[in-house]
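Let's take a walk through this protein chain together, one piece at a time. Have the picture open beside you as you read.

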Amino acid sequence: MPIKILMPALSPTMETGNLTKWNVKVGDAVKSGMVLAEIETDKATMEVEAVDEGTVAKLVVAEGTADVPVNAVIAILAEEGEDVEAAASAAEGAAPAPAKAEDKAKPEASNEAPKAEAPKPDAPKAEAAKAGEGERVFASPLARRVAKEKGLDLKSVKGSGPKGRIILRDVESAEAAPKPAAPAPQAQAAAPAPKPAGASDEMTLKLFDPDSYELIPHDGMRKTIARRLTESKQTVPHFYVTVDVELDALLALRKDINDAAPTIDGKPTYKVSVNDMVIKAYALALKSVPDAHVSWTDGGMLKHKHADVGVAVSIPGGLITPIVRKADEKSLSAISNEVKDLARRAKDRKLKPEEYQGGTTSVSNLGMFGVKDFAAVINPPHATILAVGAGEQRAVVKGGQLAVATVMSVTLSTDHRAVDGALGAELLKAFKGFIEKPMSMLV
């Protein structure tokens, strides 16, 4: 029976993908774990691995095709011993439209009357039973790797791939499954008012002469950014707290750290930036004010154990936030090298989903552009984001006397449901302490 290869959902926000490259052709033998194609998502370029074995019978979607819907059929495999041409012909009548998420693991409906035949064993159940008996769990290599990194037991995951195999989206779904929310009260509140809609495209275009502009279609990344930021501002009550911090002691320590860096072939093994030290200070501040290190859910407050700090990186066409995991536990040199690696691969669209999905908070730094201060939009499910401005020499008063100091303004945006003003102020006070007494970050 022909095996359908579907356009995978490589991130929670992905709705369509661009099939940039096929690594196989019709007639090629395919093994489980083999890279079939490269897919460009709204965030990165990812490799699609085979979860089944067979022979390529047909490439349904041509290389270079853009905006292929998630779960659309992109290729057909012939099973072992099956005629390749017959498999391709048998699959030609199948509509490539995406299936609903809840129907992914169900058999396709048939227009023919059911035939009387012996019942066949349910593959997913049979394999689950085998797993329970101590035999191996059927899963793709990518799913196994991500499950291992996240500490997820594959025996607890239901596979939605061919023959019940566990694939990447199953691991991500199991991992992201929310805890049951508290039961709603009997008395229901009035239905919320419909969300306001902006001007239509037609209304906007009528305001300009047709020869006065060029219409550039949005790509997947820009659409995703627009949707998520709109949802954030409409659903998360933002609250802002700003503080000025002096950088002179931090700049002096940074110079000492970089001067002491060992070299390999004449090049230093690290070069710590102010932003690296901001990430470390913010991570430590969150650990010292744990009530602010949270995420809001309707069922309860998630209090995070590790400071996984997302770092906003500007890339062509948009923005992505790779994550420095457990930044509170890492040295400044480790954070520095990791941020540089993540930023480089982000710009090349080579990040893995687990490198930019999740996190517990974010830092956005526009200081290198000379921006004095700004307020950043929270990236749900985070409850906070720190906006960092430029360090500049300003007149300050010390001991009743005017003096000059290098000062940086930072603004904390908080989800007011989870972090109120007083708690946000306490978090910024802790951050200011680490920045102005930077040696405390090293002990």
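Two strands pair if DSSP finds at least two bridges between them. Helices (H or I, at least four residues) and strands (E, at least two) are themselves DSSP runs, numbered from the N terminus. With that in hand, look at Val 30, which stands opposite Gly 54 in E6. Ala 29 stands opposite Thr 55, also in E6. Two bridges join E3 to strand E6 (residues 54-59), and these strands run antiparallel.

E6 also pairs with strand E8 (residues 73-78), in the antiparallel sense and over four bridges. Here Val 56 has Leu 77 in E8 as its bridge partner. Put together, four strands make an open sheet in the order E1-E8-E6-E3, with antiparallel pairing. At the edges sit strand E1 (3-6) and strand E3 (29-30), each pairing on one side only. As background, strands of a sheet pair through backbone hydrogen bonds, either parallel or antiparallel.

## The model and the whole chain

A quick word on the source: this is a predicted model, where local features need pLDDT of at least 70, side-chain atom pairs count only at pLDDT 80 or more, and totals for chains, interfaces and linings use all residues. Residues are numbered from 1 along each chain as its sequence is written, and side-chain values use heavy atoms, with hydrogens and water left out.

The chain has 11 helices and 20 strands. Of its 443 residues, 40% are buried. Buried means under 20% relative accessible area, exposed means over 50%, and partly exposed is in between (1.4 Å probe, protein chains only). The accessible surface of the chain is about 24900 Å², and 56% of that belongs to carbon and sulfur atoms. Such areas come from the Shrake-Rupley method with a 1.4 Å probe; for residues, only the protein chains shown count as cover.

Now for contacts, meaning heavy atoms within 4.5 Å. Among those in the chain between residues at least 6 apart in sequence, 63% join residues at least 24 apart.

## Helix H9 and its cover

Helix H9 (residues 332-347) has 16 residues and reaches 23 Å from its first C-alpha to its last. That is close to the 22 Å expected at 1.5 Å a residue, where the expected span is 1.5 Å times one less than the number of residues. Which parts of the chain cover the buried residues of H9? The cover includes helix H7 (248-259), helix H8 (274-288), strand E15 (313-315), E16, E17 and helix H10 (353-356). Among the buried residues of H9 are Leu 332, Ile 335, Val 339 and Leu 342. Just after H9, Arg 349 takes a positive phi of about 55 degrees.

Thr 321 is in the loop between strand E16 (318-320) and strand E17 (323-324). Is Thr 321 buried or exposed? At 17% relative accessibility, Thr 321 counts as buried. Leaving out residues up to four places away in sequence, Thr 321 touches Gly 310, Val 311, Ala 312, Glu 355, Tyr 356 and Ser 362.

## Salt bridges

A salt bridge is a side-chain nitrogen of Lys or Arg within 4 Å of a carboxyl oxygen of Asp or Glu. The whole structure has 15 of them. In one, Arg 394 meets Asp 244, with the closest N and O atoms 3.5 Å apart. This pair links distant parts of the chain: Arg 394 is in strand E19 (residues 384-398) and Asp 244 in strand E9 (residues 238-246), 150 residues apart. Arg 394 is buried, at 16% relative accessibility, whereas Asp 244 is partly exposed, at 37%.

Another salt bridge joins Asp 308 to Arg 325, with 3.7 Å between the closest N and O atoms. Asp 308 counts as buried, at 14% relative accessibility, while Arg 325 is partly exposed, at 23%. There's also a network of salt bridges linking Asp 341, Arg 344, Arg 345 and Glu 355.

Phe 208 lies in the loop between helix H5 (201-205) and helix H6 (220-235). With a relative accessible area of 45%, Phe 208 is partly exposed.
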